[in-house]
Amino acid sequence: MFLLPESPRWLARKDRWEEALAVLTLVHGKGDPNSPLVTREMEEIREMVEFEKNNADVTYLELFKPHMINRTHIGVFTQIWSQLTGMNVMMYYITYVFLMAGISGNQLLLSSSIQYVINVAMTVPALLYVDRWGRRPTLLVGAALMMTWLFTNAGILASKGHYAGPDGVHKTKEASWEVTGAPSKAVIACSYLFVASYAPTWGPVS
């Protein structure tokens, strides 16, 4: 970090415009200070600095004023509910879920890794099209789909599974429930579908 140049925006805020231009020329202009990209970036920085100066008296209390409180509420609770959807469980503890579904050994590692591939791959469509879909419909559809897969998983485990004993599945106490046969495959499928529903909806939008 010590070897990197200062941020041009930081330099501009300190009224060190020549240094800011030099950094932009180095990073974007390939040595040409008159490069269109450098000029455009410099104009954006000037506008940003001017805007900040004109609004220097604005504080975080603005977020709680009547004309802003609804937006603040939406932003905060979208992030909260994003964490409470169950995605963290389905990603970080999926090895236990799959262990309870009868997968073990190298196959368990491979099956768990597929979750992360699905998560990355299914995020791409949202990055490209979320502005066309609209954020509200995207969140509503995502919530409905995630609810479906989680309730299905819970129903299968409750009706088709059984207690694995005090030592758990394969002596893993965290995997205290066990399901076998076709229902176990349904649990795996619903887990994948849950991630595939979260990744293009609540993940990127929140």
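Helices here are DSSP runs of H or I with at least four residues and strands are runs of E with at least two, both numbered from the N terminus. By this rule, histidine 170 lies in the loop between strand S1 (162-163) and strand S2 (177-178). The model is predicted, and local features need pLDDT of at least 70, side-chain atom pairs count only at pLDDT 80 or more, while totals for chains, interfaces and linings use all residues. Residues are numbered from 1 along each chain as its sequence is written, and side-chain values use heavy atoms, with hydrogens and water left out.

**Backbone and exposure**

Most residues other than glycine have a negative phi. Histidine 170, however, has a positive phi near 50 degrees, and lysine 30, which is not a glycine either, has a positive phi of about 55 degrees. Lysine 30 is found in the loop between helix H2 (17-27) and H3.

The table gives relative accessible areas, where buried means under 20%, exposed means over 50% and partly exposed lies in between (1.4 Å probe, protein chains only).

| Residue | Relative accessible area | Class |
|---|---|---|
| Lysine 30 | 83% | exposed |
| Histidine 170 | 56% | exposed |
| Leucine 193 | 36% | partly exposed |
| Leucine 63 | 34% | partly exposed |

**Nonpolar surface patch**

Leucine 63 is found in the loop between helix H3 (36-54) and helix H4 (69-83). Together with Tyr60, Leu61, Phe64 and Ile69, Leu63 makes a nonpolar surface patch of about 590 Å². Such a patch joins nonpolar side chains (Val, Leu, Ile, Met, Phe, Trp, Tyr) within 5 Å, or like charges within 9 Å, from residues with over 30% relative accessible area and no salt bridge, the latter being a side-chain nitrogen of Lys or Arg within 4 Å of a carboxyl oxygen of Asp or Glu. Accessible areas come from the Shrake-Rupley method with a 1.4 Å probe, and for residues only the protein chains shown count as cover.

**Largest pocket**

The largest pocket has a volume of about 300 Å³. A pocket is an open set of points on a 1 Å grid over the protein atoms alone, where a 1.4 Å probe fits, with protein on both sides within 12 Å along at least five of seven lines, and lining residues have an atom within 4 Å of a point. His73, Phe77, Trp81, Arg135, Arg136 and Trp202 are among the residues that line the largest pocket. The elements giving two or more residues to this lining are H4, helix H8 (135-160) and helix H10 (202-205).

Terms used: Grid points are joined across faces, edges and corners, and a volume is the space filled by probe spheres set on the points.
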